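Hi,

Here is the structure I promised to pass on to you. Have a look at it first, and then read on for what turned up.

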Amino acid sequence: MNSVLEQIYSTIIPSAPFVIAAYALLWALLLAWLFVQFSKQRKLEKQLMLLEEQVEDLRADAARTPGE
């Protein structure tokens, strides 16, 4: 093997586990962030549905009693 390649590989190979761990940590953080965002979105959608139902109920009540 070429001596330059031996020197490069001897420098890179020992640090490979750290690089792999860094990428794994990055992916784990990204997936956790996505999970949190989707959870928040589901919660907001439920709240929006409740608000829409309340608005419909208020409009229905207002339509039934227009003279008040």
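To start with the surface: why does Glu 53 count as partly exposed? This is a predicted model, and in it the relative accessibility of Glu 53 is 44%. Glu 53 belongs to helix 2, which covers residues 16-64. On the surface, Glu 53 gathers with Glu 52, Glu 56 and Asp 57 in a patch of negative charge.

There is a nonpolar patch on the surface as well. Its members are Val 19, Tyr 23, Leu 26, Trp 27, Leu 30, Leu 31, Trp 33, Leu 34 and Phe 38, and together they have about 980 Å² of accessible area. One of them, Leu 31, is found in helix 2. Leu 31 has a relative accessible area of 54%, which means that this residue is exposed.

Now for the charged pairs. Searching the whole structure gives one salt bridge. The partners are Arg 64 and Asp 61, whose side chains meet at 2.7 Å, N to O. About one helical turn separates Arg 64 from Asp 61, because the two are three residues apart in helix 2. Their accessibility is worth a look too: Arg 64 is exposed at 63% relative accessibility, whereas Asp 61, with a relative accessible area of 38%, is partly exposed.

Best wishes

Note on methods: Residues numbered from 1 in each chain as written. Predicted model: local features only at pLDDT ≥ 70, side-chain atom pairs only at ≥ 80, totals over all residues. Heavy atoms only, no water. Patch = residues over 30% accessible without salt bridge, like charges linked within 9 Å, V, L, I, M, F, W, Y side chains within 5 Å. Areas by Shrake-Rupley, 256 points an atom, 1.4 Å probe, with all protein chains shown as cover. Salt bridge = Lys/Arg side-chain N within 4 Å of Asp/Glu carboxyl O. Lys, Arg positive; Asp, Glu negative; His and termini not counted. Charge placed at Lys NZ, Arg CZ, Asp CG, Glu CD. Helix = DSSP H or I, 4+ residues; strand = E, 2+ residues; numbered from the N terminus. Buried < 20%, exposed > 50% of the residue type's maximum accessible area, 1.4 Å probe, protein only.
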